[in-house]
Amino acid sequence: MMRVLLTLALIVATSAMAQAQGLPALTLDTTDGGATTYSLSFQILILMTALTVLPSIVLGMSAFTRIIIVLSILRQALGTQQTPPNQVLIAMALFLTFFIMQPTLTELYDTTAEPYLAGRMEADEALSTGGAVMKGWLVENTRQNDLMMFSELAGTGPYASPQDVPFSVLLPAFMTSELKTAFQIGFLLFLPFLVIDMVIASILMALGMMMLSPMLVSLPFKLLLFVLVDGWALTVGSLAATYGAGA
């Protein structure tokens with residue numbers, strides 16, 4: 001929060017200095033052709049705002065949420081405490097997110113970013129085009145039940161096409177859908193390790209070893225099972241397949 005306030009203060013100070021020097025600050029100009037141009041200070045303000053909400057965009061409009069939850073549940077099921085560490089899990093989730101989102105990001109660049117940077121598309125048109133691409137991906141990976149629930153709560157719908165779904169309805173529906181899917185995958189991953197824990201605990205109780213922790217004894221067996229089935233490749237590949245990555 002303090003970083004946001006400092007950023008806003010810096011922008012305001014920059015704008016005040018620009019006005020004092022007779023330079024345009026937060027202004028919008030309309031050309032003869034009807035196009036809208038933004039002053040440098042206004043562009044900086046938009047850029048800083050975009051950087052501030054970037055973490056929320058990564059969490060709420062990509063595959064990152066499902067991946068990081070599944071990896072966290074997997075680590076807990078293995079019982080390895082902080083191994084792999086959080087930094088490794090986040091890095092893996094980010095790289096896998098980029099892999100899954102690559103077709104969508106490529107389409108966004110080809111249809112929105114490249115024409116806008118080349119001056120062939122205005123900012124409003126670029127935002128509209130990019131929003132349509134993201135809506136298509138979000139709707140495709142959102143459960144219809146969750147989408148209908150939020151549309152009923154908002155009092156809108158039914159929608160004729162994915163482009164008609166507002167982001168105010170689509171984003172919470174997508175997040176709810178991602179959480180549900182992540183916990184379902186996590187449950188399936190947890191089951192085999194839970195069976196190993198129960199078997200080891202039963203054996204230790206039968207041998208009368210009450211003081212020996214079943215978690216400590218079952219850990220090498222769980223690691224052995226995970227390595228034998230190539231667990232990391234299986235988990236990562238299954239997560240990517242749920243989105244149809246590379247299709």
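Helices (H or I, at least four residues) and strands (E, at least two) are DSSP runs, numbered from the N terminus. By that rule Leu 216 belongs to helix α8. This is a predicted model, in which local features need pLDDT of at least 70 and side-chain atom pairs count only at pLDDT 80 or more, while totals for chains, interfaces and linings use all residues. Residues are numbered from 1 along each chain as its sequence is written, and side-chain values use heavy atoms, with hydrogens and water left out.

**The whole protein.** Colour by secondary structure: there are 9 helices and 2 strands. Their order along the sequence is α-β-β-α-α-α-α-α-α-α-α. Of the 247 residues, 32% are buried (under 20% relative accessible area; exposed means over 50%, partly exposed in between, with a 1.4 Å probe and protein chains only).

Rolling a probe the size of a water molecule over the atoms shows where empty space is left. On a 1 Å grid over the protein atoms alone, a pocket is an open set of points where a 1.4 Å probe fits, with protein on both sides within 12 Å along at least five of seven lines; lining residues have an atom within 4 Å of a point. Grid points are joined across faces, edges and corners, and a volume is the space filled by probe spheres set on the points. The largest pocket has a volume of about 1500 Å³. Select Ala 50, Ile 57, Thr 112, Ala 126 and Leu 127, the closest to its centre among 35 lining residues. Next show α4 (86–117), which gives the most to this lining, 11 residues.

**The second largest pocket.** This pocket holds about 270 Å³ of space. Of its 13 lining residues, select Leu 188, Leu 189, Gly 231, Leu 234 and Thr 235, the closest to its centre. Then show α7 (167–207), α8 (214–228) and α9 (231–242), each of which supplies at least two residues of the lining.

**The surface patch.** The largest share, 4 residues, comes from α7. Finish on Leu 216: its relative accessible area is 58%, so Leu 216 counts as exposed.
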